[in-house]
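Colleague: I would like to learn how to read a few features of a protein model. Could we go through them one at a time?

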Amino acid sequence: MLGYTVVRGGLGLLTVRRACLAPRYAHSAPRNEYRPIKKVMVANRGEIAIRVFRACTELGIRTVAVYSEQDTGQMHRQKADEAYLIGKGLPPVAAYLDIPNIIQVAKDNNVDAIHPGYGFLSERSDFAQACSDAGVRFIGPSPETVRKMGDKVEARSLAISAGVPVVPGTDAPISCLQDAQVFSKTYGFPIIFKAAYGGGGRGMRVVREYEELEENYQRAYSEALTAFGNGALFVEKFIEKPRHIEVQILGDKYGNVIHLYERDCSIQRRHQKVVEIAPAFQLDPHLRNRLHADAVNLAKQVGYENAGTVEFLVDRQNKHYFIEVNSRLQVEHTVTEEITDVDLVHAQLHVCEGRSLPELGLKQDKIRVNGCAIQCRVTTEDPSRGFQPDTGRIEVFRSGEGMGIRLDSASAYQGAVISPHYDSLLVKVIASGKDLNTAASKMSRALAEFRVRGVKTNIPFLQNVFSNHQFLHSTVDTQFIDENQELFNLKPTQNRAQKLLHYLGHVMVNGPTTPIPVKAKPSSIDPVIPPGTMGDPPVGFRDVLLRDGPEGFAKAVRAHRGLLLMDTTFRDAHQSLLATRVRTHDLKKISPFVSHNFNNLYSLENWGGATFDVAMRFLSECPWKRLQELRALVPNVPFQMLLRGANAVGYTNYPDNAVFKFCEVAKENGMDIFRVFDSLNYLPNMLLGMEAAISYTGDVSDPMRQKYSLDYYMNLADQLVKAGTHILCIKDMAGLLKPQASKLLIGSLRDRFPDVPIHVHTHDTAGAGVAAMLACAEAGADVVDVAVDSMAGMTSQPSMGAMVACTKGTELDTGIVLEKVFDYSEYWEVARGLYAPFDCTATMKSGNADVYENEIPGGQYTNLHFQAHSMGLGNKFKEVKKAYVEANKLLGDLIKVTPSSKIVGDLAQFMVQNNLTRAEVEERADELSFPLSVVEFLQGYIGIPHGGFPEPFRSKVLKSLTRIEGRPGASLPPMDFKALEEGLRSAHGDEITPEDVMSAAMYPKVFQEFREFTANFGPVDCLSTRLFLDGPKIAEEFEVELERGKTLHIKALALGDLNKAGQREVFFELNGQLRSVLVKDTVAMKEMKFHPKAQKSIKGQVGAPMPGKVLEVKVEVGAKVEKGQPLCVLSAMKMEMVVNSPVAGTVKAVHVTADSSLEGDDLILEIE
């Protein structure tokens, strides 16, 4: 690898107290030059200021900090012995460039010497001269040397004089754009602009085409002016794919110059160093010697004293070219210190005092390399967004430490505020080891230990760098990042604990995130899981299904002795009683009990229907994850879901391939039985599932009601059986089946189809559900639907306990132990109290036999009741029910299940709100603005109703609107799942699953909002229901299990006052450590004025890609813009960014002006 002799231990002389040095080396240098330093000011901020303060403290030197108005809370002012404000009233950067103010503070406080750090004034010769004129020593080269080296053009001329090869470039700073144009015509592209009076990548722009020349010239000039107070630029030919190697030099006042070997700084982005390595990996020994010799010779030629760096580019032919001299301490000086054991800041201070290098024991033949060191710069930048700076408050900070790790930082602590005013550096991490791979391994380990929350960082990107094969085993050049795009395949940080604290804080400040129908609090009592057996659950009907397939399963059901039950507690029961709000958290807790004690259930209905979108929309949890987790807990009982035919689990028609794909993915995730129905009993939409459900309405025992007669149902059943359905289901959504009608319908079906299993579903709205289901069972039904007792009755299903008790000891005996039903019911009785804000009993105290007249489905009955109360129509619910009857007649007497029932309900509420009778609606149908659901129904979007559409009502409503003939899904173009997945990956990253694609296919907007919620608040499904809905009480302690073996211990501590930003600070104790989050008070913010945010869903709204200040607005209202056209220029952390138009169009509004300060996503302008 390297041709170095490795010496353990190195030099330790620089850590010796200064008092010991003078006598030992008294013969080495003239003593009249020695002037001890007693007090040092650092004319800088952040980690470099602290680095110098620490060195001074070690040497017994008193320290002075200066700070801007924006830096009053920064750590560097607290680390110094004294601290003084500078640049009062000036912009943030200008404060640290205010030479007269800094010099005055130094003189007023008896400062002996000023250390400039890096950046700001560190390479300004006028500052060095001002120090000298004021009688204050400048810890660095002489003003003349700083001037020569700081002027890149003069430094280039000196390099040529010293025989050091240089890159073709201008001899002096260019004065205008035309000079750059002339240079580019002479040498061709690519070229590079560089700031003549500063470095660090500021004012540096590569130009590859003539069309880019003017824009990049302006940006480079502006950046240089902002960063260094001088916008002068020079131009060089740009060398493609070089290595960036720099040599650390150190000189004294007596002409002694040594090198401390080299650093490889090739890993860069936007010409700013990201990772630095010392010594350079796999560098040719002869080239290494030439680099060292050229650096020392150049330094000696200019009489260089103090620390500095000579920078070179090395091309692919191993030719090296001088770039510049940085006449200051470099950010990456740390790696040189680690491999040489030389404290560079100590050396700077001693040289400034007048010590000679030999006196300090720093002779070239004694400097040896000890292993390898790597530095990376952890910054508050987002690699996934082009390294855009991020700002905000650090909510959590935990660093990586341990053997071989050094951290240099300033603002890296919990509670620190990262502002847009300065550099985005958070902490420098330095790893040391015997070789590159060892150091990289330690670095990777340390980075993995970091936890930074509240702001984005580049840590995931750095982790990819340190695991990259080229980095570890070969050389890299300055194009390494650009050519290795896999570095941007960032593993997202979970940040689950802090996100959950944000959620809890949000609920504590603003209340529940899900709409609450009534003012009721969740119960404070959690349900107790009944005791059960351990181990594998007993064999159930799912084992039969998996072994024998659908046909064998159907035969086993038909051959079973006794009545089989399907439990709806996990879906339809809570959909009917609790507004579908039951969470996976409470379903999971009772699932093992169900698996062990009700293995002889026909099935467990636990998915589909409204639960799919409600899970994402109101419970902020993934419906697919619910299915997966319940499947793992209940492996033996078949799962059943409700599929609305061509509507799948939505409220509109989907293309056929979408419905089939949905079923395929559901099956892969553990779904067994698809109960398929159509809201209009439209046969073409029902030929899909294992269990075909005929929706029941009317009364087959009433000879006066002929539209939905016994013959109608028998004909439908004939067609379904001929089509090959495995199980025939009667789906009585409104609970209209009376015992007599049950015997008639089920008896007729059993006689007609003796070998086909019959399954009956009903609701108990009228209170006759148990009697009707017993009648069905006696007439030949194989399966009836029930809900556990505490979740049964009213608009839910009949009682499980009642059915078990009534059939016990008869031929219909269910085989279920009644005592286990009692235990099961007790759990749900307590669990139901957690959902008090959604419980239908808040507004509805009993069922009602008027359902035989209005025919409102059970779940809808509950929802209509809630809606009527929320719309102020609670006292008119009786009128709503009557209007429902009239609306049904207006629409032609429909089968009323989702979504047709919603259409009838929408029309009924429309009639009540507008005080319209049926006759008035018919008469004014051509002038009224009907609910969209009614119009789309009449257009044929959900199919063709039995008996056709009502005329002339349909024609009067539709007028010239399009009419759909035949099955709606057949006319829809197939869904492009590949394009959908690509769009989701683009929006949400590569962690998109096939389940996510199906969620987005069914509910694109709901899925988008769900992903945004989880990105902000994390996995809220692991919270208990009371915490999810109501948040914790102050001083309450609780545990949250993120996953097996990872439990959070949380205590809510306090709620802060409202701040100027409309936020409240909420304090917690998390795993014994203090944590706090800032939460926007949504009520208070309505009364406060804030800059509007860009809506991501509206393409024409252009938001700020990063916090910062507007430098220039390039367009005005009414201007025509093309896609990609520059709109404005932002500046943050000394970086400028051009915001381009995302679309072509006309500027509708401009919301910013030059000098406007913006937060991320603040609305800049609107394009239409």
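**Reading the model**

Modeller: Strand β2 (residues 62-67) pairs with β3 in the parallel sense over four bridges. Within that pairing, A65 stands opposite A83 in β3. Keep in mind throughout that this is a predicted model.

Colleague: What is the strand order of the open sheet of five strands?

Modeller: The order is β3-β2-β1-β4-β5, with parallel pairing. The edges are held by β3 (82-85) and β5 (137-138); each has a single partner strand, so one side of each is left without a neighbour in the sheet.

Colleague: Which strands are at the edges of the open sheet of four strands?

Modeller: That sheet runs β35-β42-β40-β37, and its pairing is antiparallel. Its edge strands are β35 (1101-1103) and β37 (1120-1121), each pairing on one side only. V1102 has L1165 in β42 as its bridge partner.

Colleague: Next, helix packing. How are two packed helices described?

Modeller: Two packed helices are described by the angle between their axes and the distance between the axes. Here, helix α24 (residues 656-668) packs against helix α38 (residues 994-1002) at an angle of about 145°, and their axes are 10 Å apart. The crossing of α24 past α38 is left-handed.

Colleague: Which residues of α24 and α38 meet?

Modeller: From α24 come A658, K661, F662 and V665, and they meet E995, M998 and M1002 in α38. By class, the residues of this contact divide into five nonpolar, no polar and two charged.

Colleague: How many residues of helix α20 are buried?

Modeller: Helix α20 (residues 569-577) is mostly covered, with nine of its nine residues buried. The buried residues include the charged R571 and D572, as well as F570, H574 and L577. Just after α20, the backbone at A579 takes a positive phi of about 55°.

Colleague: Now the annotated positions. Where does UniProt place the feature "binding site"?

Modeller: The unreviewed UniProt entry places that feature at K152, E236 and H271. The label comes from the record, whereas the surroundings of a position can be read from the model.

Colleague: Take K152, then. Why does K152 count as buried?

Modeller: Buried means under 20% relative accessible area. K152 counts as buried because its relative accessibility is 1%. K152 is found in helix α8 (residues 152-161). Leaving aside neighbours within four places in sequence, K152 is in contact with A195, A196, Y197, G198, F234 and E324.

Colleague: And E236: is that residue buried or exposed?

Modeller: E236 is buried, with a relative accessible area of 4%. E236 lies in strand β8 (residues 233-237). Not counting residues up to four places away in sequence, E236 touches R156, V167, P168, G169, F183, I191, I192, K194 and I323.

Colleague: To finish, the whole chain. How many helices and strands does the protein chain have?

Modeller: The protein chain has 41 helices and 42 strands. Its C-alpha trace spans about 125 × 65 × 55 Å along the principal axes. Of its 1168 residues, 60% count as buried. Among contacts between residues at least 6 apart in sequence, 70% join residues at least 24 apart.

Notes: Residues numbered from 1 in each chain as written. Predicted model: local features only at pLDDT ≥ 70, side-chain atom pairs only at ≥ 80, totals over all residues. Heavy atoms only, no water. Axes fitted to C-alpha atoms, helices over the stretch in contact; angles between N-to-C directions. Helix = DSSP H or I, 4+ residues; strand = E, 2+ residues; numbered from the N terminus. Left-handed = near helix turned anticlockwise from the far one by under 90°. Contact = heavy atoms within 4.5 Å. Buried < 20%, exposed > 50% of the residue type's maximum accessible area, 1.4 Å probe, protein only. UniProt positions renumbered as here; feature names shortened; annotations may be inferred. Pairing = 2+ DSSP bridges.
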